[in-house]
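Please open the model in your viewer and keep the selection panel at hand. The tour moves from one selection to the next and says what is found at each stop.

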Amino acid sequence: MRLDGVGRRYGVRGPWVLREVDLDVPPRALLRIEGTNGSGKSTLLRLLAGIDRPSTGRITGRPRTAYVPERFPVALPFTAAGYLTHLGRIHGLHGPEAARRATEWLERFGAAGHAHTRLAELSKGTSQKVAVAQALLAEPGLLVLDEAWTGLDRGAREVLDRAVAERVADGGTVVFVDHDPQRLAGAADARYRVADGRLLTQEEGGPAAGARTAAGPRVLIEAEGAPGSLPPAGAPQLPGGPEIAPGPDGTTRLTVPAVHSDALLRALLTARPPWHIRAVTAAPPPHDAPGTVPVTDDAPAPHEAPLP
Ligand SMILES: Nc1ncnc2c1ncn2[C@@H]1O[C@H](COP(=O)(O)OP(=O)(O)OP(=O)(O)O)[C@@H](O)[C@H]1O
């Protein structure tokens, strides 16, 4: 998708909230948008999500899009499962598949017990889980998240982190705004800042600079492939764009932001022929001394054997 010369103002005489925004929204990418309160981040996300139209300029090449708004409309006459199934159908899923994914996402977010609760009676946290689930279950090409982590409990925030990585690994684009500067730290492919109505790239935006090299937890995967199974030339296509280096005994070391580690493991284990995973450990920060520390509780467990 592309934005060319996009501007937005509210009312014919209103001030321009956004001006001359040019933006490439490539597939298989995670983009972070930053900016001070009222700078126009939500305005930009609504344009990206396609629920608002530019006052000037063009948006072309839109993929199938899903959006988690800053505020979720709770006053709809549905149960949680009923709402998700309904949204799934709107996204083109058949009824039984929509219902299956509704159940699956409520379970992933630990909200299965509220499947038959009416939206208006849900707690704020569960309501936010439903807001996020409705966007994820569509497996959209473009996922737009406006402060989507706000109100989620820790477990649900981690589920969302992983779901974002899965979308990107599957070739989708995720654009997000979040007040926590550490959100998906190190995983974003690009960071932009909205300031004075302009969208600045990381080079122009000063404090927003720093993409994949930003600090954040990283995971080191030591793996052994069958000869020629995944040539190094294919490496940039791997989830998380891992740093790749030779390891001991003919193994390969792949280092990725922790949020992409599950997706990378899945890609290695399902490659044809599959890779053997020798070890999965927390990686040291980019400029630290070499060496590894024990894998944390929520990081993936080591696999000793290839999948059948
Ligand atoms: N529907 C609207 N009608 C009129 N003005 C609006 C509307 N939506 C946003 N604005 C104005 O546009 C400007 C940018 O708002 P926007 O919500 O996009 O900023 P933001 O960066 O997302 O802010 P925050 O971080 O506080 O959520 C603000 O001055 C806001 O008052």
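**Around the ligand**

Begin by selecting the ligand, which is surrounded by Tyr10, Val17, Gly35, Asn37, Gly38, Ser39, Gly40, Lys41, Ser42 and Thr43, a residue being near a molecule if its C-beta atom, placed from the backbone, lies within 6 Å of it. Residues are numbered from 1 along each chain as its sequence is written. The model is predicted, and local features need pLDDT of at least 70 and side-chain atom pairs pLDDT 80 or more, whereas totals for chains, interfaces and linings use all residues. Next select helix H1 (residues 41-49), which gives the most to this shell, with three residues; helices (H or I, at least four residues) and strands (E, at least two) are DSSP runs, numbered from the N terminus.

**The sheet**

Now select strands S2, S1 and S4, which in that order form an open sheet with antiparallel pairing, where two strands pair if DSSP finds at least two bridges between them. Strand S2 (16-24) and strand S4 (56-60) stand at the edges with a single partner strand each, so one side of each has no neighbour in the sheet. Strand S1 (residues 2-9) pairs with S4 over four bridges in the antiparallel sense, and Arg2 stands opposite Thr60 in S4.

**Two helices in contact**

Finally, select helix H5 (residues 154-169) together with helix H6 (residues 261-269). Arg162, Ala165, Glu166 and Ala169 in H5 meet Asp262, Ala263 and Ala267 in H6, contact meaning that the C-beta atoms of two residues, placed from the backbone, lie within 7 Å.
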